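Please read them with the structure open.

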Amino acid sequence: MNTNQNPNALSNLQLNYWLSVFFTWIPALIFFLLNKETQSPREREYNAANLNFSLLRLFVYIALTILTQLPDVLGVIFLFGLSALSIVLFVFHIIAAVKLNDTYQRGEKAPFFFNLSIVK
């Protein structure tokens, strides 16, 4: 580990990822903005990746809420499809939180299978 890095960086990232699993974008945004100037570029990259994935989960939830209001069969199709996607994204977020320690220690990129690049 680099001596210039914040010694609490990994524990802060773990807290951020686990809170974001259950509370989506709110903790991700707080950690992204918190100590913005003092974060290392690597910490910032991990926080941005978590915020991006949390926003992806939020967009799916909003789409689920809106599209399930469609009448009849179309609403039911969207309900099942987007509900399944929402569950898959929840599981992917848990996997990323579990893999965070290893990927951070090895110097790899954030442990998401895929992600949107909304926030940089």
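**Notes on the model**

1. Start with asparagine 50. Its contacts, leaving aside residues up to four places away in sequence, are Asn16, Tyr17, Ser20, Ala28, His93 and Phe112. Asparagine 50 sits in helix 3. Is asparagine 50 buried or exposed? Asparagine 50 counts as buried because its relative accessibility is 0%, and the cut-off for buried is under 20%. Keep in mind that this is a predicted model.

2. Next, the main core. The largest nonpolar core has 19 residues. Those with the most contacts inside it are Leu13, Tyr17, Tyr46, Tyr104, Ala110 and Phe112. Helix 1 (9-23), helix 3 (41-67) and helix 4 (72-106) each supply at least two residues of this core. Two of these names link back to point 1: Tyr17 and Phe112 also touch asparagine 50.

3. A further core lies apart from the largest one. Six residues make up this other core, including Phe32, Ala48, Leu55 and Val119.

4. Now the open space. The largest pocket holds about 230 Å³. Which residues line the largest pocket? They are Glu45, Ala48, Ala49, Asn52, Lys109, Ala110, Phe112, Asn115, Leu116, Ser117, Val119 and Lys120. By class, this lining has six nonpolar, three polar and three charged residues.

5. Check the backbone at threonine 24. This residue lies in the loop between helix 1 and helix 2 (25-33). Threonine 24 has a phi near 45°, a positive value in a residue other than glycine. Most residues other than glycine have a negative phi.

6. Two residues of the next loop deserve a look. Lysine 36 is in the loop between helix 2 and helix 3, and serine 40 is also found between helix 2 and helix 3. Lysine 36 counts as partly exposed because its relative accessibility is 37%. Serine 40, at 15% relative accessibility, counts as buried.

Notes. Residues numbered from 1 in each chain as written. Predicted model: local features only at pLDDT ≥ 70, side-chain atom pairs only at ≥ 80, totals over all residues. Heavy atoms only, no water. Core = buried A, V, L, I, M, F, W, Y, C linked by side-chain atoms within 4.5 Å. Buried < 20%, exposed > 50% of the residue type's maximum accessible area, 1.4 Å probe, protein only. Helix = DSSP H or I, 4+ residues; strand = E, 2+ residues; numbered from the N terminus. 1 Å grid on protein atoms, 1.4 Å probe; cavity = no way out; pocket = protein on both sides within 12 Å on 5 of 7 lines; lining within 4 Å. Points joined across faces, edges and corners; volume = space filled by probe spheres on them. Nonpolar A, V, L, I, M, F, W, Y, C, P; charged D, E, K, R; others polar. Contact = heavy atoms within 4.5 Å.
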